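Please examine the arrangement of the chains before reading on.

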Amino acid sequence: MNKYTEQQIEEKLKTLSSIEPSNDSLRRMDQNIRSIISGVTKKPTATRSFLYYALASAAMLIIGISLLYDSAPPRTPPTIVRQAPTEPTLTLAKLNTVFNHGGQKALDEYFEKVESNRQPRAETLTLQEILKEL
Amino acid sequence: MNTKQRLLLKFLEASGPGLHGMLTRLTLDETVAEELMQNLFIRLFEIKHLEKIENLHAYACRIAINLAFDRRRQHRSFSEIPDSRPDLRIPRVDRRLIQAEEIAKILDAAQQLSGLTRECFVLRYIEQMEYAEIAKRTQKNPQQVRALCSKGTQRIRQILNEQNASFYKEAINE
């Protein structure tokens, strides 16, 4: 069985020390590294930090929630508009007619007439009055 | 071009060929050495305050040695050199025997050395540097470097002899 000695190891490694790269290899290496240093060759990007991922997920969450709200706006119940029953209106033409036919006195009479003709609101009618009308 | 780029270009001109040579010897493959050189410079490029490093060559050398042994660990099969490779100028004719069998075994064993011991071992026995020069680079004194190199060789010898013993034991059992 062969046993290695320290001397043998040193001598074998001495043989290794005579190995040199070729000129082609040296030139290639020089060109490649120059392009890396000058920025022609893209360098590998550094791994993204935890903060990057945390911020990205928070932003996506916010966008998601806002999109969800935009697509389904909150529903408001429809407002019920009650229309008042029609009443006799005093137009400018009617007023002119009134003035032409007697002035203030005629106007008072007109208002009395309007008041007497005014129809009571439905809410104010009693049950008996409704039955009478029917 | 900024200060860091200029510094790296200057460093490439001064130390690039030497580092490439060392990586070729450690990986026994020029193409792998080129790839590792690129990785080395990308790492250097990513250092924020590169100009503050006192001995950039020593620093880069340490990274290069680690890269080479990491690569060796990941791709165990690349240690054999094809006989047709014309670029590697080894003075012996029995290249295959020397490289594939012995050197690869020694380099594989060197993976098991600790960081500083391995660095000293590589610089002394593969790069053939003087103890004083290694001491300057590693910021130790020459005696400490000598002790580390010796420790490294002893450990490698021990590993190789153990491997040999187990090989013969298996052969006898068969």
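Directly after helix 1 of chain B comes Leu28(B), a residue with a positive phi, near 60°. Helices here are DSSP runs of H or I with at least four residues, strands are runs of E with at least two, and both are numbered from the N terminus. The model is a predicted one, in which local features need pLDDT of at least 70 and side-chain atom pairs count only at pLDDT 80 or more, while totals for chains, interfaces and linings use all residues. Residues are numbered from 1 along each chain as its sequence is written, and chains are lettered from A and ligands numbered from 1 in the order in which they are written.

Helix 1 of chain B also carries a kink of about 60° at Ser15(B), shortly before the proline Pro17(B); the bend at a residue is the angle between axes fitted to the seven residues ending there and the seven starting there. Among the buried residues of this helix are Leu8(B), Leu12(B), Gly16(B), Leu19(B) and Leu23(B). A residue is buried if 20 or more other C-beta atoms, placed from the backbone, lie within 10 Å of its own, exposed if 12 or fewer do, and partly exposed in between.

Leu23(B) lies in helix 1 of chain B and counts as buried because it has 26 C-beta neighbours inside 10 Å. Leaving aside residues up to four places away in sequence, Leu23(B) touches Ala33(B), Leu36(B), Met37(B), Ala64(B) and Ala68(B), where contact requires C-beta atoms, placed from the backbone, within 7 Å. Leu23(B) and Ala68(B) are 45 residues apart in sequence, yet their C-alpha atoms are 6.5 Å apart in space.

Which residues touch the most other members of the largest nonpolar core? They are Leu23(B), Met37(B), Leu40(B) and Ala64(B), in a core of 47 residues. Such a core is a set of buried Ala, Val, Leu, Ile, Met, Phe, Trp, Tyr and Cys residues joined through C-beta atoms within 7 Å. Helix 1 (6-16) and helix 2 (23-38) of chain A each supply at least two residues of this core, as do helices 1, 2, 3, 4, 5 and 7 of chain B. Helix 3 of chain B gives the largest share, 7 residues. Domain 1 (1-79) and domain 2 (92-174) of chain B both contribute residues, so the core lies between them; the domain bounds come from an automatic or database domain assignment.

Helix 3 of chain B, residues 56-74, has 19 residues and reaches 27 Å from its first C-alpha to its last, close to the 27 Å expected at 1.5 Å a residue. That expected span is 1.5 Å times one less than the number of residues. Its buried residues include Ala60(B), Ala64(B), Ala68(B) and Arg72(B).

Chain B as a whole has 7 helices and 0 strands, and 33% of its 174 residues are buried. Of its contacts between residues at least 6 apart in sequence, 64% join residues at least 24 apart. Chain A has 6 helices and 0 strands, and 9% of its 134 residues count as buried.

The contact between the chains takes 42 residues from chain B and 30 residues from chain A. On chain B, helix 1 supplies the largest share of the side that touches chain A, 10 residues. The residues of that side divide into 22 nonpolar, 11 polar and 9 charged, with Ala, Val, Leu, Ile, Met, Phe, Trp, Tyr, Cys and Pro counted as nonpolar, Asp, Glu, Lys and Arg as charged, and the others, Gly among them, as polar.

Key:
Two residues are in contact if their C-beta atoms, placed from the backbone, lie within 7 Å.
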